[in-house]
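Subject: Structure handover

Hello,

Here is the structure to look through before we next talk. My notes follow it.

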Amino acid sequence: MSLDTETPPAYDLEAAARAYPRACTAEALRLSFENHLKFSLARDDFSATPCDRYYALALSVRDRLVERWIATSQTYYHRDVKRMYYLSMEYLIGRVMGANVLNLGIARQVEEALAERGLDWEELRDLEHDAGLGNGGLGRLAACFLDSLATLQLPGYGYGLRYDYGIFRQEFRDGWQIEDPDNWLRNGYPWEIERPESQFVVRFGGQVVDQHEERGQYRPLWADAETVIGIPYDVPIPGYGNHTCNNLRLWTAKGSEEFNLTFFNSGDYIRAYENKTLSENITKVLYPNDNIEEGKELRFKQQYFFVSCSLQDIVRRYRTKHRDFHDFADKVAIQLNDTHPSLAVAELMRILMDDHRVAWDEAWTTTVRTFGYTNHTLLPEALETWPVRLFEQYLPRHLQIIYEINRRFLRQVMNKFPHDRDRLRRMSLVNEDGGRAIRMAHLAVVGSHKVNGVAALHSKLLTSTLFRDFHDLWPEKFVNVTNGITFRRWLLKANPGLSRLISSRIGEGWVTDAARLRELEAYADDPEFQAAFGQVKRANKERLAGIIRETLGIGVDPDSLFDTQIKRLHEYKRQLLNVLHILHLYSQIKDDGRTDLVPRTFVFAAKAAPGYQTAKLIVKLINDVAGIVNQDPEVNRFIRVAFLPDYRVSLAERIIPATDLSEQISTAGTEASGTGNMKFALNGALTIGTLDGANVEIREEVGADNFFLFGKRVEEVQELQQGGYDPRALYQQDADLRRVLDYFENGFFDLEQPDLFLPLRQHLLDHGDRYLLCADFRAYLEAQEAVDQAYRDPGRWARMAILNVARIGSFSSDRTIAEYAAKVWGLEPCPIDLPDHAPDDASPHS
């Protein structure tokens, strides 16, 4: 039975009461594990592989979620609650076994059950392959939000795509990034359940046939289209410490016909499967390379397939209780996670008007009241636009709808600003410059009742720069909702030692009420607590040192300062500035004989987009610098560099708790928010950073004395960029900058390819230094010197780190989701009534 069957029966609470008190004991879990190993996998102790044992355990844990899962869906149905649907092309959910066990409160019982069979819980848990259905912070944010929705008992669903291959696996060969396909489904995925009965047909191509009804109403027919089938797979999302279990529905594309029998019988086996293959390519890979035309087309089709399946499903669910669409926006909220799902605006209009005969005015009012749009970027080039020809080829009906939306919208603009033709050009949904294209961000803004940025600075810049014209028209539409992270994943699960230490002093209430962390301030100057805090940090650093040794063959000192930058590799994130600092230290040691440095281990992890050549060159540079530094005994006493390959959620869970210094050094005004900054502070790392994104609010919360600030502010950045910024003049004036940049032109890194890294130097000196590395270089060095001085005083450093943990509570995704529910969605909690099945002594640390 589907989780959202048309007419679900009443939930049997008495049956649940009989079943659940026994279900979560160690004995019940052991029996469940044995049964799944034998009856689900047809294995015994002799034939079972470690993967089989992991799978049997996952199925046993999933069994404990199913009662909640069904009860949650049926409760929402019977109470006819308003539901929020989160549309995101990315979900970087990582490994879920540990998180599900923690949320169920059965960690100790699972460990005991496995120990009875001579199995280690952590070893089995870590066999899980990361579900890398995202590229970076956007997808990880979506995963955090799902956790908070369920924990806050809010009726929320996630929708996404079930990519056959997620974010690529990264390896290094001769320092270069090599991308390998991430076949994350190769051993199956025990957390999902296929729902073929809830499939939908998605159309592409064809033509629009003009038709009129008897009364003269225009009723266009989208005819002669090719079809693709969307099959949903459901993944349970349990809340912490309650009975809510929401749903993540992921779509996979299937051909509408398996193969062409005529071609097959004639021996043309390739053509027999051609249509099926082309259809299923839609969900084959996360973000196909859009540097080529075929990649652009595939990505366009991918986005429409996603929103069409999701909206058809949302409308179907609504129609089980409602005959018309008068109450649609009172029962449905849809959040667009960045511009990727913006086609949903046109698709909902098409469904309402063409499939359900809703008139334009009612359909448009309903659409705008339903959608909210979250913007995640200030970079204009990152705002998607799609050529009109793609709409003409694949979505002709949607192009008609977008043109009509634009016509009515521009009339509205003209009425308010009657003599401003340039404003009309800037605000139009259709970009007429350099080839006609649809501005998807504009479509999302016009089609939503709320538009939000994800940090206070970001929201301010949105309304003063990127969307200024729209803010002039609709100031009430724009709000800020600062991002957050789930503390259950990023502290409770990732850093159990620190979690236990915190709970030993202030209790366990912080797990669901992050504001309680403020109580730690009382221990910031306590020598005993500082010592215990330091012991936890060192244990985490020893664990990471072991991973570095095993992965890279590099020995690092756990007593050195672990200086970390882990995030998607992009020029604006300025990994290159970090490298310039390393080269500065190298030159001080080699040329100046400096020996008073605080020993540091520089830790990097990052993936560069496959088509982003400059980013891939920076990957190569970091690895070459690491090779030089780590092999020089005069230098490696003081600094070592470790670039860990294949950055992913599970690796971040190892790196973040071990970090002393968090590098959040993007150019001011470029990062929308960032969430890595929050994760590091939560785990007791100090931040060196600019006033960019959420850094601004983090510094305000933790205190200026507990944050190493440097760099130009947004206003200064804008002045430089507008006033003839000359990086070469800085190069001539600053001997340290000149010395490190000269390494790039003399073959220092590679004698056989002396000009290999010259393009990076040219970017900085001859091509404008867009992200102001030269302008911020001196201030960055000075801030790093301040870091050294602070680290030399263990008591001071410990106090600063403890205060970071204590004051970071407002960056919980629970707070973020509560704000969305109040400001954007109009969503109320819906507790799920289910007899308590958790053991009486259940604890987040059990």
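A cavity is defined on a 1 Å grid over the protein atoms alone, as a set of points where a 1.4 Å probe fits but cannot get out; a pocket is an open set with protein on both sides within 12 Å along at least five of seven lines, and lining residues have an atom within 4 Å of a point. Grid points are joined across faces, edges and corners, and a volume is the space filled by probe spheres set on the points.

Two remarks on the source. This is a predicted model, in which local features need pLDDT of at least 70 and side-chain atom pairs count only at pLDDT 80 or more, while totals for chains, interfaces and linings use all residues. Residues are numbered from 1 along each chain as its sequence is written, and side-chain values use heavy atoms, with hydrogens and water left out.

Cavities

The whole structure contains 10 cavities of 30 Å³ or more. The largest cavity holds about 270 Å³ of space. Its lining is made of 20 residues, and Val-96, Ala-99, Asn-100, Asp-147 and Arg-489 lie nearest the centre. At least two lining residues come from each of α4, α7, β11 (226–238) and α21. Helices here are DSSP runs of H or I with at least four residues, strands are runs of E with at least two, and both are numbered from the N terminus. The lining of the largest cavity divides into 12 nonpolar, 3 polar and 5 charged residues. In this count Ala, Val, Leu, Ile, Met, Phe, Trp, Tyr, Cys and Pro are nonpolar, Asp, Glu, Lys and Arg are charged, and the others, Gly among them, are polar.

The second largest cavity has a volume of about 90 Å³. Helix α11 (293–319) gives the most to its lining, with 3 residues. By class, this lining has 5 nonpolar, 2 polar and 5 charged residues.

The second largest pocket

This pocket has a volume of about 1100 Å³. It is lined by 44 residues, and Arg-95, Arg-125, Asp-126, Arg-543 and Arg-654 lie nearest its centre. Which helix gives the most to the lining of the second largest pocket? It is α23, with 5 residues. The lining has 15 nonpolar, 11 polar and 18 charged residues.

Salt bridges

Side chains of opposite charge can pair when their charged atoms come close. With a salt bridge taken as a side-chain nitrogen of Lys or Arg within 4 Å of a carboxyl oxygen of Asp or Glu, the count comes to 72.

One of them joins Asp-147 and Arg-488, at 2.8 Å from N to O. Asp-147 lies in helix α7 (residues 137–151) and Arg-488 in helix α21 (residues 487–493), so this pair ties together parts that are 341 residues apart in sequence. Asp-147 is buried, at 12% relative accessible area, and Arg-488 is buried too, at 4%. Buried means under 20% relative accessible area, exposed over 50%, and partly exposed in between (1.4 Å probe, protein chains only).

Another salt bridge joins Arg-799 and Asp-525, with the closest N and O atoms 2.8 Å apart. Arg-799 is in helix α34 (residues 794–806) and Asp-525 in the loop between α22 (496–506) and α23 (527–552), 274 residues apart. Arg-799 is partly exposed, at 34%, whereas Asp-525 is exposed, at 54%.

Glu-404 and Arg-408 also form a salt bridge, with 2.7 Å between the closest N and O atoms. Both lie in helix α16 (residues 396–416), 4 residues apart, about one turn of the helix.

Strands

Two strands pair if DSSP finds at least two bridges between them. Strand β14 (residues 371–374) pairs in the parallel sense with β13 (residues 332–337) over 4 bridges, and with β18 (residues 450–453), also in the parallel sense, over 3 bridges. Thr-374 of β14 stands opposite Asn-337 and opposite Asn-452 in β18. Phe-371 and Tyr-373 point one way from β14, Gly-372 and Thr-374 the other way, and all are buried.

Cysteines

How many disulfides does the structure hold? There are 0, a disulfide being a pair of cysteine sulfur atoms within 2.5 Å. For Cys-144, the nearest cysteine sulfur is that of Cys-245, 17 Å away. Cys-144 is buried, with a relative accessible area of 1%.

Regards
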